[in-house]
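I wanted to record what I looked up, entry by entry, with the cut-offs beside the terms.

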Amino acid sequence: MRVALTIAGSDSGGGAGVQADLKVFFRFGVYGTSALTLVTAQNTLGVQQVYLLPPEVVYAQIQSVAEDFPVHAAKTGALGSAAIVEAVAQAVRDFGLRPLVVDPVMVAKGGDPLLAPEAVAALKEGLFPLASLITPNRLEAEALLGHPIRTLGEAEEAAQDLLALGPEAVLLKGGHLEGEESVDLLATREGVLRFAAPRVRTRNTHGTGCTLSAAIAALLARGRPLAEAVGEAKRYLTEALRTAPPLGRGHGPLNHGA
């Protein structure tokens, strides 16, 4: 049995965060473990409250898992503060958590912040250099780089710029770009690969980033090569969007069992 660890926030609505990650791990036949970073009161309409856990508690959760389970891959989601980012980075180094997928979650689907502005530097300087893959969407990439990204060409340049921050690979997601296809760009030292899928028109988009990064982490835990894991995870996400159930009055959850 392969084991994956998610280090992320709790979503009481179940569509994103640790709850979504664990569903995805199960879907891909991987035993899921978790370390909570923050707790949200959240549903499909938005985030009503956020409570950050003490950094030492976040570290202790990771330690408990890593000292007892053979963690074959790990991923991060919402981290909340610079202190939590630093605690997670220290745990990654201390326990050799590899491969590591970093989803740089900054805001929830409804626009509520899940990362303090001063934590962005800690993310770039402390966690990105430890990452096997980072998975920003266009809005997150713009925040990380400080300039707009409007076209696929600009996205390719941005992916290369993000690669220069230290991760082994960058998956710049194309869900927020225009076009009939959603094109994700995987940048490595060898070049850029494109992963395209028909754009699914749906309001049920809550937790798409968590779901994709968790699927990639699960497939890496099972020993898949990175490009293969990204391709399979994107196909899974497209189907999860296409078959999403009509739940909630806002941005509904995906079908994690797709």
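Entry 1, cores. I took a nonpolar core to be a set of buried Ala, Val, Leu, Ile, Met, Phe, Trp, Tyr and Cys residues joined through side-chain atoms within 4.5 Å, where buried means under 20% relative accessible area, exposed means over 50%, and partly exposed lies in between, with a 1.4 Å probe and protein chains only. I noted that the model is predicted, that local features need pLDDT of at least 70 and side-chain atom pairs count only at pLDDT 80 or more, while totals for chains, interfaces and linings use all residues. I also noted that residues are numbered from 1 along each chain as its sequence is written, and that side-chain values use heavy atoms, with hydrogens and water left out.

With that settled, I found that the largest nonpolar core has 45 residues, and that Ile62, Val88 and Leu127 have the most contacts inside it. Helix α3 gives the most to this core, with seven residues; helices (H or I, at least four residues) and strands (E, at least two) are DSSP runs numbered from the N terminus. Another core, of 29 residues, lies apart from it, and Val24, Phe28, Ala214 and Leu237 are among its members. I then listed the contacts of valine 88, counting heavy atoms within 4.5 Å and leaving aside neighbours within four places in sequence: they are Ile7, Val58, Ile62, Thr76, Leu79 and Leu127.

Which residues of α2 are buried? I found Val58, Ile62 and Val65. Viewed down the axis of α2, these buried residues fall within an arc of 65°, so they line one face of the helix; the arc is that of the directions from the helix axis to the C-beta atoms. Glu56 and Ser64, on the other side of α2, are exposed. I noted too that the buried residues of α2 pack against β1 (3-11), β2 (31-43), β4 (71-76) and α3 (82-95).

Aspartate 103 and lysine 173 form one of them, with the closest N and O atoms 3.8 Å apart. Aspartate 103 lies in the loop between β5 (100-102) and α4 (119-127) and lysine 173 in the loop between β7 (170-172) and β8 (181-188), so the pair ties together parts that are 70 residues apart in sequence. Both aspartate 103 and lysine 173 are buried.

I went on to glutamate 239 and arginine 242, whose side chains meet in a salt bridge at 2.5 Å, N to O. These two residues are three apart in helix α8 (residues 226-242) and are therefore separated by about one helical turn. Glutamate 239 is partly exposed at 30% relative accessible area, and arginine 242 is exposed at 54%. Arginine 150 and glutamate 154 make a salt bridge at 3.2 Å, N to O; arginine 150 counts as exposed at 57% relative accessibility, and glutamate 154 as partly exposed at 24%. I also recorded that Arg224, Glu228 and Glu232 are linked in a network of salt bridges.

Threonine 6 lies in strand β1 and, at 0% relative accessibility, counts as buried. Its side chain makes a polar contact with the side chain of aspartate 21 at 2.6 Å. I took a polar contact as a pair of N or O atoms within 3.5 Å; within protein, one must be able to donate a hydrogen and the other to accept it, and residues adjacent in sequence count only if both atoms are side-chain atoms.

Threonine 44 is placed in the loop between β2 and β3 (46-52) and counts as buried at 16% relative accessibility. The side chain of threonine 44 reaches the backbone nitrogen of arginine 249 at 3.2 Å. Leaving aside neighbours within four places in sequence, I found threonine 44 in contact with Leu247, Gly248, Arg249, Gly250, His251, Gly252 and Pro253.

Key
Salt bridge = Lys/Arg side-chain N within 4 Å of Asp/Glu carboxyl O.
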